[in-house]
Each structure stands twice: as C-alpha cells, then as structure tokens.
Amino acid sequence: MTAPATPPASPGTSAPPPARSGRGPRVEAHGIDVIGDGERHGRARDLFGVWAAPNVSYLSLVIGGALVLSGLSLLQALAVIVVGNLCWALVGLVAVSGPAAGAPSEVIMRAMFGTRGNRFVIGLNGWLVSVCYVALSWSAASVTAFSLCARLGIELNTLGKILVIVAIAAATLAISVYGHSVIVRLYLPLAVVTAAIFLVLGGFLLPHTKWSYQPAAPLHGVALWAALTGGVALVASAALSYNTSADFARYLPRDTKPFAVAAWTTAGAFLPSIVFTALGAFAATTLDMSDPQSALESVLPQWFTPIFLIAVILGAIANNAMTVYSSGLALQAMGVRLRRSRSVLLDGTAGVLLTLYALLVSDFLKAVNDLLQLMVVVLGPMMAIYVTDLLARRNRYDGHALADERRGGPFWYTGGVHWPGIAALVLGAAASAACLSVPGMYTGFAASAAGGIDFSLPAGMLIAAAVYLFIGRPRAAA
C-alpha cells in the first residue's frame, strides 16, 4: 500500500532527508522524520543484541549489592530483582509502536501530549534526564579508566584525566552519530564479549557466595516492606527510563509481528539484568559492596582485573551511545532545527562538560544523582500513559499524521496541548511523589504515614493510566 504523502514541514520540524536507510557503515541521515516502507529492513531478533549490550552492566552489580546492603536476605534480594526487572516488559511493549508509526517515541508521544505539550514533556524527560544520565555514566566510566591507567603504571594529571574523559565520550558519540545501523550491527558482538567477561567474573565470585545468607539484624514488618518496595523501585527505575524503545525498532518493516518486537526487546534487557544484578547480590553476601570496585578486585586475579575494568568501560559506552542517540532525537522533537548527527554532538558536548565539572571541579555528581532518584515520580507515570495510549489505540499510529505540527493538525488538540495527557502526568507524578521514600533525602506524606514504605511506582502508574484512559479517551485511528 502506498504511504500517504508527507505533510509540509512546519516550523520546528526537520525536513525529510534524502532517501538513505543507514544499512551501510555511514552516518544515519534520518532524524525524527518518518521512515518510509521502502527503507524498512531488519528482523525483530536484531533487537536482542541492541538491548543486551547496555544491560551487561557494572551498574547492575552495584544495584544487586545495594539490595543486600539495605538489609535484605539473599532470597529476598533475588525476589526484588525479578519483580523490578519485569518492568522491561513495558519497554518491549512500547517498542512495538516504532514499526507501526515508522517514527521514534519522541514523535509518537505527540499523540499523548499534543504537538506543543510534547515539547515540554520531552524536554524534561527525553533531554534533561538523558544528559544527566550520560554525565553520571561517563563519570563512572572515567573513574574506572583512571584506575585502569594507574594499574598500567600511567600517572594521570588533570590534562590526562580530561583526555581520558574526552576519549570515552568520543567513542560513545561515534556510535551515536553513525546511528541505528551501527548500533544494530555492533551491539550483539559487544554483548557477547562483555557477557563472557562478566560470566568469568561470576566464576570467581560464586565460590565466595554464602547461599544461606541472612543479615545480622533481619528486617521485619514495616521495615522489611520499606526495603522491599524501595528495592523494587530502584531496580525498576532503569527500565522505566527507556520509554524511547520505539527509536530502535522504527526501521523494522511495518508487518513485523508486534509480539516478536516486544519479546526480543524484553528478553534482550531482562535476561542480562537478572543475571548480573543477581551476581552483585551474591557478591554482597561476603564482600563489602559499599565500595564495589575494591571489593570485586579483592577476589580477582591480577591478570583479570584490567580485563574486567575494560568491560565496565565498554558497558558504559554502549549504554550512553543509546541514551545520546535518543537525546538527539529529543532535541529535534523539541523544535531545535538541527540534523540528528549535530543534535547528538550538541548533547554529547553538554554531557562532557557536566562530566568534567563533576569530576574535576565539585561534587555536582551527587546533586545530579539525587535529582535522578526523584525523577522516578515522572518516569513511572510517563511509561503508564504511553502503554495506556498504545493499548487503547491498538497500536494504530499514523507516522505522517504525527509528523504534522501545523496549527489544526491531527494532534494539535487545544492550542497544541492535549490537556488530558498533561493532567494524567501531573496527577500521576503527584501521587508518586506523595508515596515516594528516598531515605536521607525525601519522604512523601503518604510514604511517611505508611512508615517509610515506598509505593510510588504502583501509585503513580495506576493514577496516571486511569486518568488518561477516562478523560483522554485515546482511540484507534480509522
């Protein structure tokens, strides 16, 4: 069937680039414009590697260790890991909108918030949060690289540290600039290599695991529930931050089975997240995971430690390359008239500057980390609204209609804003904030009344979904 004609570009909308699919090793030409049926390619199973590579992660080890440090037994920590990681199924579900619309998530969300309202929402979640995540991840990778250099006998002064940070950023941005095709081709072998290294790490850690581990002072009652719910929120936050999964599925042919898209996306992220977060919990039964790198190095042979550190850096690069790729699309969706490759470089530059400031000037990193913990109140409701809209419309999205930003266009709604979507987001975030408990930083009144039990995720997501469903009245396109 012939695709409908693309509407004229409006202010803030990138004009479609010359036809160029990105199949070969060249810079991806497409940004937020619709991918035509003639340029669709690939198979759903390609998504497995795309999502596995960034989730073979040192951060997973740290989170697993943190669960045990919070006072949970090993079995309780493992249960939290499984439940929290089930949120990757939502990421898989959102991904099916990519082949349907031929557009990225940043554009599809115009159906939920309106052409103008979406710019604000994307600016907050798709751009600001992404740049902060990039700075955090680059900072962690850079500190690891500093440690690697020290082991190799290389003493780094300030200039040397700057060069290391820039080198890690350059490798990340190269992947992001070349874009979708390189991510699809590179990430499966990268996932295999890093997974092999982490599994060898597991071989050294498992003999030290205390399988019957119980904390010295076992938690009971409200304290136990507070640790369990807080742990689930911590584990789930990684998945909920990826409401951009359509970005990486939009090149698939329109007739790709939605179940296959959802299943391969979910499996790619879920399986490594389960395995390596559990590995962190295993390690914490005998090691002091309050300082994960030192703890892990204490049980590793000297020859393997540099290999492990390199794998940590590679995992951070894979994670950040996807984040920067999506943040470049977010910048375009906000109305910034730049080619995707240039928007990626702009976002990367912002991330590098934040990383340099965090590591070399101040404790800015802690402030950013605290901010991102609070962002859970927005991430959960946004994911709930996206999933509700997708199910209510039966995944029938018209990419060309979504690309039309003209006044009075299909998704102009009222003054360019879909107020039911904004209301659902605000009310869901308010409910989530009331039920949020981040010890030492913030506790909402509802969480405080419940003795510190954090039920921000179910509260925020259920309220946002219910409000959006009943007053937004999303429906399938004819």
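**A buried loop residue and a helix**

Modeller: Thr-115 counts as buried because its relative accessibility is 3%, below the 20% cut-off. Please note that this is a predicted model.

Biologist: Where is Thr-115 found?
Modeller: Thr-115 lies in the loop between α7 (110–113) and α8.

Biologist: And which residues is Thr-115 in contact with, leaving aside neighbours within four places in sequence?
Modeller: With those set aside, Thr-115 contacts Arg-110, Asp-404, Glu-405, Phe-411, Trp-412 and Gly-416.

Biologist: Turning to α9, what should its 21 residues span?
Modeller: Helix α9 covers residues 158–178 and should span 30 Å at 1.5 Å a residue. Its end C-alpha atoms are 30 Å apart, which agrees.

Biologist: What is found at the start of α9, and what just after?
Modeller: At the start, a side-chain oxygen of Asn-157 comes to within 3.2 Å of the backbone nitrogen of Leu-159. Just after the helix, Gly-179 takes a positive phi of about 90 degrees.

Biologist: Which residues of α9 are buried?
Modeller: Among them are Gly-160, Val-164, Ile-168, Thr-172 and Ser-176. The cover over the buried residues of α9 includes α8 (117–151), α10 (180–205), α14 (305–333) and α15 (340–360).

Biologist: Is Val-164 buried or exposed?
Modeller: Val-164 is buried, with a relative accessible area of 14%. Leaving aside neighbours within four places in sequence, Val-164 contacts Ala-145, Phe-146 and Leu-156.

Biologist: How far apart are Val-164 and Ala-141 in space?
Modeller: Their C-alpha atoms are 9.7 Å apart, while 23 residues separate Val-164 and Ala-141 in sequence.

Definitions and conventions:
Residues numbered from 1 in each chain as written. Predicted model: local features only at pLDDT ≥ 70, side-chain atom pairs only at ≥ 80, totals over all residues. Heavy atoms only, no water. Helix = DSSP H or I, 4+ residues; strand = E, 2+ residues; numbered from the N terminus. Expected span 1.5 Å × (residues − 1). Buried < 20%, exposed > 50% of the residue type's maximum accessible area, 1.4 Å probe, protein only. Contact = heavy atoms within 4.5 Å. Polar contact = N/O pair within 3.5 Å; in protein donor to acceptor, adjacent residues only side chain to side chain.
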